[in-house]
Every structure is written in C-alpha cells, then in structure tokens.
Amino acid sequence: MNKKQFMDLPDGIKEEWWGFHWLEHVTAIPAPLALVTGYKENGLANGTMQSWFCFSSVKHFYCIFGSVNKYTHMYEIASGKRQLVINFPDRACLENCMATVKNNSYEIDELSASGLHYHDGSNVKAPVVEECFLNLECEVEWEKELFEGSDHVALCVRIVWESLRLGISNY
Ligand SMILES: Cc1cc2nc3c(=O)[nH]c(=O)nc-3n(C[C@H](O)[C@H](O)[C@H](O)COP(=O)(O)O)c2cc1C
C-alpha cells in the first residue's frame with residue numbers, strides 16, 4: 001500500500017485540538033475512549049474523558065492510564081479518595097460524555113449537567129454511569145510522574161468490580 005508520509009503537521013490539521021499535540025490525536029485513534037468518574041472533595045460527581053490507557057491481567061486486572069494531567073479533578077480524586085469508575089460510552093451517549101469536558105466547574109455535578117444518570121458502585125464510592133455499557137469499578141494502586149517535576153503522571157488502578165450490559169448494538 002502506498003502510504004503518504006508526514007514528517008510535519010499535515011495540511012488541514014490544527015496544531016492543537018482540545019489542548020493536545022496533534023500526534024496525540026493520531027496515535028489515540030485506535031484506542032478506546034472512556035469517561036472516568038469519581039466524587040470531588042465537595043461530594044459532587046466528576047467526569048473526565050480519557051483515551052491513553054491500556055489493561056493488564058497479571059494477578060489482578062489493572063488499568064494503566066499513561067498520561068493523567070495533575071491539574072484535573074480526576075487526579076485530585078485519584079490521589080485523594082482513590083476510587084474511580086471507568087465507563088465505556090456507546091454512540092448514543094458519547095456526546096453527553098464529551099459534554100463533561102465543557103461542564104467542568106468544581107461547583108457542579110458534571111454528570112447531571114451533561115444529561116447522564118448514575119448510582120454508586122457496588123464496591124467503590126464513585127458514580128457508575130447508567131448510559132455506559134461497561135463500568136469498571138477501580139481502586140488506585142500507584143502513580144508515577146512521567147519525569148521529575150512533570151505535570152502528568154502514569155496512574156495504575158485495580159479493577160474491583162465490573163458490570164457489562166448485554167445487547168450492545170451501538171458501539
Ligand atoms: C477524547 C478525549 C480524551 C482525553 N484523554 C485525556 C487523557 O488521556 N489524559 C488527560 O489528562 N486528559 C485527557 N482529556 C482531557 C480531559 O478529559 C479534560 O481535561 C477534562 O476536562 C478534565 O476533567 P476534570 O478536571 O473534571 O478531571 C481527554 C479529553 C478528551 C475529549
């Protein structure tokens with residue numbers, strides 16, 4: 001196959017989307033998107049879109065987020081309450097999940113403001129998004145700065161419970 005070579009930013013692609021380097025979007029294309037939820041210190045529900053993560057099943061089932069910004073509510077929750085849910089959206093609720101990026105004030109319930117419904121997890125005190133077809137309840141295991149002084153960390157969580165809604169038709 002004759003592939004076009006790009007050494008630089010391709011024409012028609014903006015230097016930054018959502019504040020990310022364009023290469024991050026290119027390399028994220030094959031990766032799943034998830035909405036990571038938890039409760040902020042004020043008790044209100046939080047939602048954070050994440051794309052750079054993978055799984056490992058050695059001994060336990062782990063998720064490793066490759067690049068979590070320390071200035072997000074998600075990081076505050078991961079290092080404080082240490083309980084999260086990874087929710088996988090289908091097409092029907094993707095726009096609602098994406099809306100949490102704009103509905104990002106500390107003072108609001110980001111999930112309700114984005115038209116999403118939730119209940120507490122069975123094993124963690126974190127919101128399980130009902131519209132999402134797969135919900136992984138997690139506890140934080142460890143974090144590591146990408147380099148000394150970095151404002152991003154790699155974050156490892158252990159899955160403690162999962163619920164999968166059958167009959168997925170809209171993924
Ligand atoms: C599709 C998508 C993927 C994202 N992936 C990540 C990610 O991997 N790491 C990260 O720190 N932020 C990521 N973001 C940005 C956060 O979702 C965004 O900064 C969010 O507003 C943070 O919410 P919070 O402050 O409530 O945690 C992503 C955003 C989108 C739209």
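Two strands pair if DSSP finds at least two bridges between them. The views below show a predicted model.

**View 1. The strands β5 and β6 are joined by four bridges.**
The two strands run antiparallel. Within this pair, C54 stands opposite I64 in β6. β5 and β6 form a hairpin with five residues between the strands.

**View 2. K59 lies in the loop between β5 and β6.**
The phi angle of K59 is near 70 degrees, which is a positive value in a residue other than glycine. Most residues other than glycine have a negative phi. K59 has 7 C-beta neighbours inside 10 Å and therefore counts as exposed, the cut-off for exposed being 12 or fewer.

**View 3. R82 lies in the loop between α2 and β7 (83-88).**
Here too a residue other than glycine takes a positive phi: the value for R82 is near 65 degrees. Is R82 buried, exposed or partly exposed? With 15 other C-beta atoms within 10 Å, R82 is partly exposed.

**View 4. An open sheet is formed by seven strands.**
The strands follow the order β4-β3-β7-β10-β11-β6-β5, and their pairing is antiparallel. β4 and β5 (53-56) stand at the edges; each has a single partner strand, so one side of each is left without a neighbour in the sheet. On average, neighbouring strands of this sheet are turned by 35 degrees against each other, direction ignored.

**View 5. Strand β3 (residues 34-39) pairs with β4.**
Six bridges connect the two strands, and the pairing is in the antiparallel sense. T37 stands opposite G47 in β4. The helix α3 lies across β3 and β4. Relative to β4, α3 runs at about 105 degrees.

**View 6. The ligand is surrounded by 17 residues.**
The closest of these residues are T48, M49, N69, T72 and H73. Which elements each supply at least two residues of the shell around the ligand? They are the strands β4 (45-50) and β6 (62-69) and the helices α2 (73-79) and α3 (91-102). The largest share, four residues, comes from β4. Sorted by class, the shell has eight nonpolar and nine polar residues, and no charged residues.

Conventions
Residues numbered from 1 in each chain as written. Predicted model: local features only at pLDDT ≥ 70, side-chain atom pairs only at ≥ 80, totals over all residues. Near = placed C-beta within 6 Å. Nonpolar A, V, L, I, M, F, W, Y, C, P; charged D, E, K, R; others polar. Axes fitted to C-alpha atoms, helices over the stretch in contact; angles between N-to-C directions. Contact = placed C-beta atoms within 7 Å. Buried ≥ 20, exposed ≤ 12 C-beta atoms within 10 Å, placed from the backbone.
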